[in-house]
Amino acid sequence: MKGTPETPQCGFSRASIQVLGLQGVDPTKFAAFNVLEDEELRQGLKEYSDWPTIPQLYLQKEFVGGCDILMSMHQNGELSKLLDKKDVLVPEEAPREPEAPETM
């Protein structure tokens with residue numbers, strides 16, 4: 001991505017981070033690399049994926065797509081299914097049982 005998740009440096013990187021947050025991606029299962037700090041990394045990613053734009057999303061070493069693909073998958077529900085399948089979402093909390101009222 002361009003920038004960091006805390007301070008994205010372009011609108012596409014910002015949108016991608018927001019979508020991943022909305023989807024509930026577990027921050028402990030997420031890594032981001034600022035390509036603005038490493039031109040070799042930036043060009044290498046483009047060559048590796050054969051995709052011309054940044055940001056790029058990879059899940060378990062598999063290229064998913066850029067921001068446009070990510071947005072489309074978010075809107076049609078495919079992203080939610082993929083993230084769940086890859087087990088990268090924050091686990092849902094078990095429902096709590098209601099507390100019994102105190103008696104005197």
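Predicted model: local features only at pLDDT ≥ 70, side-chain atom pairs only at ≥ 80, totals over all residues.

User: Why is Asp50 called exposed?

Analyst: Exposed takes over 50% relative accessible area. Asp50 has 67%, so Asp50 counts as exposed.

User: And Lys61, buried or exposed?

Analyst: Exposed, because Lys61 comes in at 76% relative accessibility and the cut-off is over 50%. Lys61 also has a positive phi, near 70 degrees, in a residue other than glycine. Lys61 is found in the loop between strand 1 and strand 2.

User: How do you know that strand 1 and strand 2 are paired?

Analyst: Pairing needs at least two bridges. Strand 1 (residues 56-59) and strand 2 (residues 62-66) are joined by four, so they count as a pair. The two strands run antiparallel, and Gln56 stands opposite Gly66 in strand 2.

User: How many residues lie between the two strands of the hairpin?

Analyst: Two residues lie between strand 1 and strand 2. In that turn, Gln60 has a positive phi of about 50 degrees.

User: Which residues of helix 3 are buried, and why are they said to be on the same side?

Analyst: In helix 3 (residues 67-76), the buried ones are Cys67, Leu70 and Met73. They cover an arc of only 130 degrees around the axis, so they end up on the same side of helix 3. An α-helix has 3.6 residues a turn, so residues three or four places apart point the same way.

User: What's on the other side of helix 3, and what covers the buried residues?

Analyst: Asp68 and Gln75 are exposed on the other side of helix 3. The cover over the buried residues of helix 3 includes helix 1 (11-23), strand 1, strand 2 and helix 4 (78-85).

User: What pattern does the whole protein follow?

Analyst: Reading along the sequence you get α-α-β-β-α-α, with four helices and two strands in the protein. Of its 104 residues, 33% count as buried, that is, they fall under 20% relative accessible area. As for contacts between residues at least 6 apart in sequence, 51% join residues at least 24 apart.

User: How much of the accessible surface belongs to carbon and sulfur atoms?

Analyst: The accessible surface of the protein comes to about 7,800 Å², and 52% of that belongs to carbon and sulfur atoms.

User: What lines the largest pocket?

Analyst: The largest pocket holds about 610 Å³ of space. Its lining has 28 residues, and those nearest its centre are Phe30, Ala31, Gln56, Leu57 and Tyr58. Helix 1, helix 2, strand 1, strand 2 and helix 3 are the elements that each give two or more residues to the lining of the largest pocket.

Methods:
Residues numbered from 1 in each chain as written. Heavy atoms only, no water. Buried < 20%, exposed > 50% of the residue type's maximum accessible area, 1.4 Å probe, protein only. Arc of directions from axis to C-beta. Contact = heavy atoms within 4.5 Å. Areas by Shrake-Rupley, 256 points an atom, 1.4 Å probe, with all protein chains shown as cover. 1 Å grid on protein atoms, 1.4 Å probe; cavity = no way out; pocket = protein on both sides within 12 Å on 5 of 7 lines; lining within 4 Å. Points joined across faces, edges and corners; volume = space filled by probe spheres on them.
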